[in-house]
Amino acid sequence: MRDCDVLIAGAGPAGCATAMLAARGGLSTVVLDRPQPAQSWAGETLPPGMENLVRSVFGADILSEINHRPAFGTRSVWGSSALVETDFLANPLGEGWILDRARFDAVAREIVLAQGVDIIRVGHIGPPARGSSAWHLDLGDGACLRARFLVDASGRSGALLRRLRTRRIAADRQIAILSAYPDDGDTYCGTTVEAVAEGWWYTTPLPHGRRVLAYMTDADLWRHGTRCWHELLRETHHVGRCAGQRALFARPAVYPAGTAQAEHLAGDDWLVVGDAAMSFDPLSSQGLASAIVMGAKAGEAIAHPDRGEAFAAWAEEYRMLFAEHSDMRTFYARLERRWPHSAFWQRRHEPDHAAIRLRGTATC
Ligand SMILES: Cc1cc2nc3c(=O)[nH]c(=O)nc-3n(C[C@H](O)[C@H](O)[C@H](O)COP(=O)(O)OP(=O)(O)OC[C@H]3O[C@@H](n4cnc5c(N)ncnc54)[C@H](O)[C@@H]3O)c2cc1C
């Protein structure tokens with residue numbers, strides 16, 4: 001049986017940021033990660049202004065042009081069929097970044113290891129059991145870990161949520177029907193977004209010559225399949241042209257991409273962070289920076305001498321972030337009025353306040 005102060009499930013951006021600050025606070029920290037296929041698929045971008053936040057947690061080396069690509073702007077077809085460009089050159093916060101997610105995560109893990117954190121690769125994590133003063137976790141191969149504090153940073157799967165007696169409250173059932181392929185699209189270096197009758201598209205040129213193209217809609221509105229993905233693409237005003245010819249032969253897969261938050265964020269000896277705690281609409285490009293910043297703040301709160309007060313402040317800040325995100329999401333949805341009978345847009349014009357205005361911690 002091995003002992004540690006903090007045990008974190010998930011070595012994504014949220015788990016790494018939490019581990020970084022918990023270890024810096026003097027706590028022995030172990031991260032468990034379940035290897036998954038390379039996650040460079042979503043074509044995540046960091047908007048202007050996020051670079052310094054991300055570097056403040058992981059250091060300067062986390063973002064380099066060798067691995068990632070600067071983003072010089074965004075283009076959108078939203079509220080009308082015109083293509084409108086927002087150039088980051090005029091933005092006082094500077095450029096954004098288009099990430100190679102697999103590389104980003106790999107470098108974050110190296111930085112965390114150098115901080116003295118142990119990362120253990122596991123195929124399976126048994127349900128955590130609470131002893132009198134610690135959590136016990138069976139790693140499946142006879143190995144067992146004992147930890148005084150438990151963190152669920154396992155992304156949208158929220159692998160430990162049920163055991164922590166919390167659950168995710170969904171604001172929608174959005175999915176991404178998405179494909180990445182060798183890029184033969186236009187040369188614009190940024191994301192292009194286009195609203196359509198039952199959802200929206202985005203395409204982004206990835207680092208290293210690939211491109212991602214995704215159609216976002218609600219799960220119940222997606223009844224068609226691949227053929228329809230290509231047909232819908234042909235009906236777009238601009239995205240189809242930007243995405244290149246190879247998009248017509250791409251084979252998309254479906255991923256969850258909804259907006260949700262955990263009912264409770266923390267208890268006396270556990271917390272939930274990153275997408276497991278709050279998943280943001282990909283339209284906002286807010287998920288990564290929020291996972292990293294709130295992960296770092298979670299790590300600080302765990303190491304804080306007055307943990308209860310630190311958790312309350314952390315959870316309050318997290319809830320506010322989600323409420324602001326939800327307001328912004330509604331604002332952008334209401335700019336799109338071309339399809340008054342569309343279920344997708346109607347749902348977003350009238351947000352589910354019960355799902356948005358959760359308060360504090362379970363305990364928190
Ligand atoms: C289509 C789409 C587009 C997006 N675009 C953007 C964007 O442009 N900009 C942006 O900022 N955000 C974007 N996001 C959101 C962003 O991807 C997430 O917010 C971010 O990855 C959250 O980080 P995380 O560490 O919480 O979770 P994850 O990145 O999901 O990491 C979770 C980790 O936990 C591991 N894990 C899972 N289950 C277990 C388990 N049982 N035990 C141990 N480990 C486990 C996984 O292998 C993974 O390493 C997008 C999301 C989607 C779906």
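User: How many residues surround the ligand, and which are the closest?

Analyst: In this predicted model, the ligand is surrounded by 32 residues, and the closest of them are E44, T45, R101, D275 and L288.

User: What's the split into nonpolar, polar and charged in that shell?

Analyst: The shell around the ligand comprises 15 nonpolar residues, 11 polar ones and 6 charged ones.

User: And which helices and strands supply at least two residues each?

Analyst: Those are helix 1 (13–24), strand 2 (29–33), helix 3 (101–114), strand 13 (174–182) and helix 6 (287–303), and among the contributors to the shell helix 6 gives the most, with 3 residues.

User: OK, what about the backbone: where does D275 sit relative to an oxygen atom of the ligand?

Analyst: A backbone N or O atom of D275 is 2.8 Å from a ligand oxygen, while for L288 a polar backbone atom lies 2.9 Å from an oxygen atom of the ligand, and for G287 the distance from a backbone N or O atom to a ligand oxygen is 3.4 Å.

User: How much of the ligand does the protein bury?

Analyst: The ligand taken alone exposes 1000 Å², of which the protein buries 93%.

User: Switching topic, which residues make the nonpolar surface patch?

Analyst: M328, F331, Y332 and L335 make that patch, which covers about 400 Å².

User: Where is L335 found, and is it buried or partly exposed?

Analyst: L335 lies in the loop between helix 7 (307–334) and helix 8 (343–349), and with a relative accessible area of 43% L335 counts as partly exposed.

Technical notes
Residues numbered from 1 in each chain as written. Predicted model: local features only at pLDDT ≥ 70, side-chain atom pairs only at ≥ 80, totals over all residues. Heavy atoms only, no water. Near = heavy atom within 4 Å. Polar contact = N/O pair within 3.5 Å; in protein donor to acceptor, adjacent residues only side chain to side chain. Areas by Shrake-Rupley, 256 points an atom, 1.4 Å probe, with all protein chains shown as cover. Helix = DSSP H or I, 4+ residues; strand = E, 2+ residues; numbered from the N terminus. Nonpolar A, V, L, I, M, F, W, Y, C, P; charged D, E, K, R; others polar. Patch = residues over 30% accessible without salt bridge, like charges linked within 9 Å, V, L, I, M, F, W, Y side chains within 5 Å. Salt bridge = Lys/Arg side-chain N within 4 Å of Asp/Glu carboxyl O. Buried < 20%, exposed > 50% of the residue type's maximum accessible area, 1.4 Å probe, protein only.
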